[in-house]
Amino acid sequence: MATEDHGFDEFDDLNPSDSKWYVRTLSGILTKTKDKKPTPDGLWEKCKRCKEVLPSKDWIDHLYVCPSCNYHDRIGSEAYFHLLFDNGKYTEINAGLTSGDPLSFIDTAPYADRIKVAQHKTGLTDAVRTAYGKINGTPLGVACMDFAFIGGSMGSVVGEKIARMIDHCIATQTPFLMISKSGGARMMEAAFSLMQMAKTSAKLALLNKAKVPYISLMTNPTTGGVTASYAMLGDFNIAEPEALIGFAGPRVIRETIGKDLPKGFQSSEFLLDHGFLDFIVSRNDLREKLSTLLSIIWNKKKH
Amino acid sequence: MANAFWFDFEKDVQDLHEQLEKARVTHEQGKLDMSDMVQTIESKIKEAQKSVYSHLTGWQKVQISRHPERPYTLDYIGHICTDFVELFGDRQIRDDKAIVGGFAKIDGKPVMIIGQQKGRNTKQRQLRNFGMPNPEGYRKALRLMKLAEKFDVPVVTLIDTPGASPGLEAEERGQGEAIARNLMEMAVLEVPIVCIIIGEGASGGALGIGVGDKVLMMEYTWYSVISPESCSSILWRTWDKKELAADALRLSSSDMFKNGLVDGIIKEPIGGAHHNPEEAYSAVKAAIKKELKSLRELDKETLVAQRIDKFSQMGVVLEPEDGA
């Protein structure tokens, strides 16, 4: 029933049964990530930082690293698995684990709903995927976080999948690569998420005892409980360029000290300078550099 | 025992305490025989305490855990231990005053006792950085735990922190790395570890000395991944939902025990440890002795395996139905 004040009378005959034809009943982008089509050739994308415009295909070929300013755009687990594993071939494990809602947590929306929405939006089950395959012929286990899933937050599923991947790496004597990308612990699982820090660190202690290499790659951003547990415990702590890496978030620190933070504070380069990273590696060189490192410390054992 | 500081929700108890004080003064001045009156008020206080303290909300428990007269780590050490030899420094940067620790004896048996320390006045609070350790504090704690391992002495940690210090220097010196290292090293430390939350158990800052064979919470304390205030600020985008956040986080000792995330609760004097510190000291001492006695019976391999297994079990995940 459109009224005069809305001035919609003239449209009434378009949909006489429902005058609310103009109301969007669904919001947001509904296409799942996995259903999205690759951009056809001929389309262009702009670097988020230097605004350089390149054909989309070039972005993909460059692994979403800007060729002119080296900006590392955020990519997900699928892209990392493809760039790391030989011929993009890998076996994912524990893919079906999903989050419970142990506390029936509700803030502005129920946690159970947030999970469903995130799953629908991303096509992922939670914020980490674990897989094994080969890198230049050497077996490698990888756990890779997805920022798109509730900010890459660490809840029980993240902790459990990482723990099981480490178990797999110990049992099969396979080097382990952790790719972190997370805002920290998942508040909606409260102390359950806190204890994932203890769980993953304890498992890494066992991996360490088994003398299996652990490489921790930190990408933008790696903060909070993730930094204060598995991300910082690598035999090799490495990072992509210009990633934000820290324990407390920049906003919290700024509010605490009441001053602006120095330029480059909590960047990969800052951490390298202060002795907390072994090296910074561009995404384009990651596969080669890891293979080289493993060929020195690991393959010799096997031959 | 009268406090200098009362919370709003304790108003009934506070009023009665004030009446009691007046009656006593009158009685002592010999003006009137008030002994009946004193007795009546005392029994009224007991009733009021029961009704006030038996239905505390999450947020009220958080408030009690922060009561300015609550016993702190050094108070417990002073009353539980003898021969405390405090040890300082991380051997790298400096001594962090927000974490204290050293060798001591409890009823003649050696322990390494470590805890976060808060201050009682402005000057002390600054010195102790409000109980918020810097990386060197966690590294000092680890150094002391390694010493304990070397000399086969069990470790007791007392946890009371609003969180690890957020700041420029903390980040420069690797706050995340320091906490992470402690989690990994504590998981495989080859001596018994008993951890007790005596006040606030805020997130990684608490867990950084909290990976134990037995983790106990005192009754009116909290332990979670974030403080209710910060949780409110992040999830509700306002500081006003702290009460809601405190309930949602299930951070009280009873909830944490129910969820299997801590191993036990140490009962406090009614109203909180500060109402009767002596009672709190002996409850904590008894708990430490009991836990250490049974942990000492385990061989090192079993001890470490059980500890790792305990933390590995924590978390709630749904397995896929098809077993994929």
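This is a predicted model: local features need pLDDT of at least 70, side-chain atom pairs count only at pLDDT 80 or more; totals for chains, interfaces and linings use all residues.

User: Good. Which residues of α2(B) are buried, and what do they line?

Analyst: The buried ones in α2(B) are V38(B), I41(B), I45(B), A48(B), Q49(B), V52(B) and Y53(B). An α-helix has 3.6 residues a turn, so residues three or four places apart point the same way. Looking down the axis of α2(B), the buried residues fall within an arc of 105 degrees, so what they line is one face of the helix.

User: What covers that buried side, and which exposed residues sit on the face turned away from it?

Analyst: The cover over the buried residues of α2(B) includes α1 (11-28) and α3 (58-65) of chain B. Turned away from that buried side is a face with the exposed residues D36(B), Q39(B), K46(B), E47(B) and K50(B).

User: How far does α2(B) reach from its first C-alpha to its last?

Analyst: The helix covers residues 35-53 of chain B, which is 19 residues. At 1.5 Å a residue you'd expect 27 Å, and the model comes close to that, with a reach of 27 Å.

User: Switching to the cores: which residues have the most contacts inside the largest nonpolar core?

Analyst: That core has 131 residues. Its largest share, 11 residues, comes from helix α5 (residues 190-209) of chain A. There's also a second, separate core of 25 residues, including I80(B) and C81(B). Back in the largest one, the residues with the most contacts are F176(A), Y230(A) and Y223(B).

User: K199(A) is in helix α5 of chain A too. Is K199(A) buried or exposed, and which residues of chain B does it touch?

Analyst: K199(A) has 1% relative accessibility, so it counts as buried. Leaving out residues up to four places away in sequence, its contacts in chain A are S156(A), G159(A), E160(A) and A163(A).

User: Is C81(B) buried or exposed?

Analyst: The cut-off for buried is under 20% relative accessible area. C81(B) comes in at 9% relative accessibility, so it counts as buried.

User: Last one: which strands does β6(B) pair with, and in what sense?

Analyst: β6(B), residues 214-218, is mostly covered, with four of its five residues buried. Four bridges join it to β5(B) (residues 193-202), running parallel, and V194(B) stands opposite K214(B) there. With β8(B) (residues 264-266), β6(B) has three bridges, also in the parallel sense, and M217(B) has I265(B) as its bridge partner. The partners, then, are β5(B) and β8(B), and the sense is parallel.

Note on methods
Residues are numbered from 1 along each chain as its sequence is written. Chains are lettered from A and ligands numbered from 1 in the order in which they are written. Side-chain values use heavy atoms; hydrogens and water are left out. A nonpolar core is a set of buried Ala, Val, Leu, Ile, Met, Phe, Trp, Tyr and Cys residues joined through side-chain atoms within 4.5 Å. Buried means under 20% relative accessible area, exposed over 50%, partly exposed in between (1.4 Å probe, protein chains only). Helices (H or I, at least four residues) and strands (E, at least two) are DSSP runs, numbered from the N terminus. The expected span of a helix is 1.5 Å times one less than its number of residues. The arc is that of the directions from the helix axis to the C-beta atoms. Contact means heavy atoms within 4.5 Å. Two strands pair if DSSP finds at least two bridges between them.
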